Amino acid sequence: MSQKTAITKKLICKRPTFRMLPLGFCSGCHYGIIYRLLDEVIEEMGIKGDAICIGGGGCSMIGAMAMDIDTFGGPHGPGTAIASALKRVSPNAFIFAVQGDGEQGAIGLGSFVATAARGENITVITMNNACYGMTGGQLAPTTLLGMVTPTTPEGREQVMSGYPMHGPELVAPLKGVAYAARGTVHTPANRQKSKKMLKTAFQKQQQQLGFGVFEFLSACPTNWKISPTDCIQFIEEKMLPEFPLGQFKNIERKE
Amino acid sequence: MAKKGEIIIEESFCKGCGLCELFCNKKSISMGKIGPGGFPIAQISDPETCNGCGTCGFMCPDMAIEVYKYVDGRSL
């Protein structure tokens, strides 16, 4: 009995076309997964030629430099202001700013909220790892209560440093905001959900509905001082109760 | 039982975080082999059980894993 047994190999998981590989992230950092997700979504939507990524300071810039699209760097903080300017001079380009949590919540909070209030037609991607990753894990606006960092050795207290900040919820009530959501990439299922939400956030800009913000929860094994596999548990048990997932605003058409 | 999938690990990219081992449903990957950097990296411990789902590849933060799925000509 001789039947045709033509077995072919099909590439399921392709390596993205980045300018420099391997990326300079620490072992177990989720930023690599997030940048891969961004690259996948941009490629699926067919906007690779138009997209411009605005990086700021901190670890989030490492991946922005590596992506195979046009990138623009700026100082730590006013990424959204640079993105607004770029959108105004080139309205047909697809502009998104990549920011860390400290960049968005502390030094760049003014330009972030102002850009949202103006309703600029850009998308902001936040990567929230609950500390300042590049400088040694100091207290960031999103650090959880009771979390030990080099600047809060006895854990964050509400009396001294206040409550954690929530970027998407903060700007969601503003009229110029078209989309505000939070996702995570700590499990394969959540990664697929985040991909769907990220695609929606990008589509809001293509439909010219207004400002979109999407926040990723991320792990920082080096500064949390736990292993990459324990970070998954930490996100599940500690971060998810503080930072709920899902969409906070999703408008279909402009008022 | 024929092989269903195959993964290729680029050893110079792997940083040994162990996320692929954690998320592999079939337990085909294990950490332990000492890589070129001098630390334990991922290796394929049981190539026969891999079904080519691609989870390890998509969850790898360093883009070290490429996943192939075998497609049988008869079943198409």
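**Note on a predicted two-chain model**

1. Three strands make up an open sheet, ordered β1(A)-β4(B)-β1(B), with antiparallel pairing. Strands here are DSSP runs of E of at least two residues, and helices are runs of H or I of at least four residues, numbered from the N terminus; two strands count as paired if DSSP finds at least two bridges between them. At the edges stand β1 (7-13) of chain A and β1 (5-9) of chain B, each of which pairs on one side only. Neighbouring strands of the sheet are turned against each other by 30° on average, direction ignored; the axes are lines fitted to C-alpha atoms, for helices over the stretch in contact, and angles run from 0 to 180 degrees between N-to-C directions.

2. On conventions, the model is predicted, local features need pLDDT of at least 70, side-chain atom pairs count only at pLDDT 80 or more, and totals for chains, interfaces and linings use all residues. Residues are numbered from 1 along each chain as its sequence is written, chains are lettered from A and ligands numbered from 1 in the order in which they are written, and side-chain values use heavy atoms, with hydrogens and water left out.

3. The mean pLDDT (the predictor's confidence in each residue, from 0 to 100) of chain A is 89, and 98% of its residues reach 70 or more. Within chain A, confidence is lowest in β1(A), with a mean of 79, and highest in strand β6 (residues 177-184), at 94.

4. β1(A) and strand β4 (residues 65-72) of chain B are joined in the antiparallel sense over 6 bridges. A:Lys9 has B:Tyr70 of β4(B) as its bridge partner.

5. B:Ile65 belongs to strand β4 of chain B. B:Ile65 counts as buried because its relative accessibility is 2%; buried means under 20% relative accessible area, exposed over 50%, and partly exposed in between (1.4 Å probe, protein chains only). Apart from its neighbours within four places in sequence, B:Ile65 is in contact (heavy atoms within 4.5 Å) with A:Cys13, A:Arg15, B:Ile7, B:Ile8, B:Ile9, B:Cys20, B:Cys56, B:Gly57 and B:Cys60. B:Phe13 is 52 residues away from B:Ile65 in sequence and 8.8 Å away in space, C-alpha to C-alpha.

6. Chain B also contains a hairpin. The hairpin has 5 residues between β2(B) and β3(B), and B:Gly38 in the turn has a positive phi of about 90°.

7. Over all chains, the structure holds 14 salt bridges, each defined as a side-chain nitrogen of Lys or Arg within 4 Å of a carboxyl oxygen of Asp or Glu. One of them joins the side chains of A:Asp39 and A:Lys48 (3.7 Å, N to O). A:Asp39 is buried at 3% relative accessibility, whereas A:Lys48 is partly exposed at 23%.

8. A:Glu40 meets A:Arg191 at 3.0 Å, N to O; A:Glu40 lies in α1 (residues 31-45) and A:Arg191 in α8 (residues 188-206), 151 residues apart. Both A:Glu40 and A:Arg191 are buried. A:Glu44 meets A:Lys195 at 2.9 Å, N to O. Since A:Glu44 is in α1 and A:Lys195 in α8, this pair ties together parts that are 151 residues apart in sequence. A:Glu44 is partly exposed, with a relative accessible area of 46%, while A:Lys195 is buried at 14%. Salt bridges with shared partners join A:Arg36, A:Glu40, A:Glu44, A:Arg191, A:Lys195 and A:Lys199 into one network.

9. Helix α3 (residues 79-89) and helix α5 (residues 109-118) of chain A have axes that come within 8 Å and cross at roughly 35°. In this contact A:Thr80, A:Ala81, A:Ser84 and A:Arg88 of α3(A) meet A:Ser111, A:Phe112, A:Thr115 and A:Arg118 of α5(A). The contact residues divide into 2 nonpolar, 4 polar and 2 charged (Ala, Val, Leu, Ile, Met, Phe, Trp, Tyr, Cys and Pro count as nonpolar, Asp, Glu, Lys and Arg as charged, and the others, Gly among them, as polar).

10. A:Asn129 sits in the loop between β5 (123-128) and α6 (158-161) of chain A. A:Asn129 is buried, with a relative accessible area of 3%. Leaving aside neighbours within four places in sequence, A:Asn129 is in contact with A:Tyr31, A:Asp101, A:Ser218, A:Ala219, A:Cys220 and A:Trp224.
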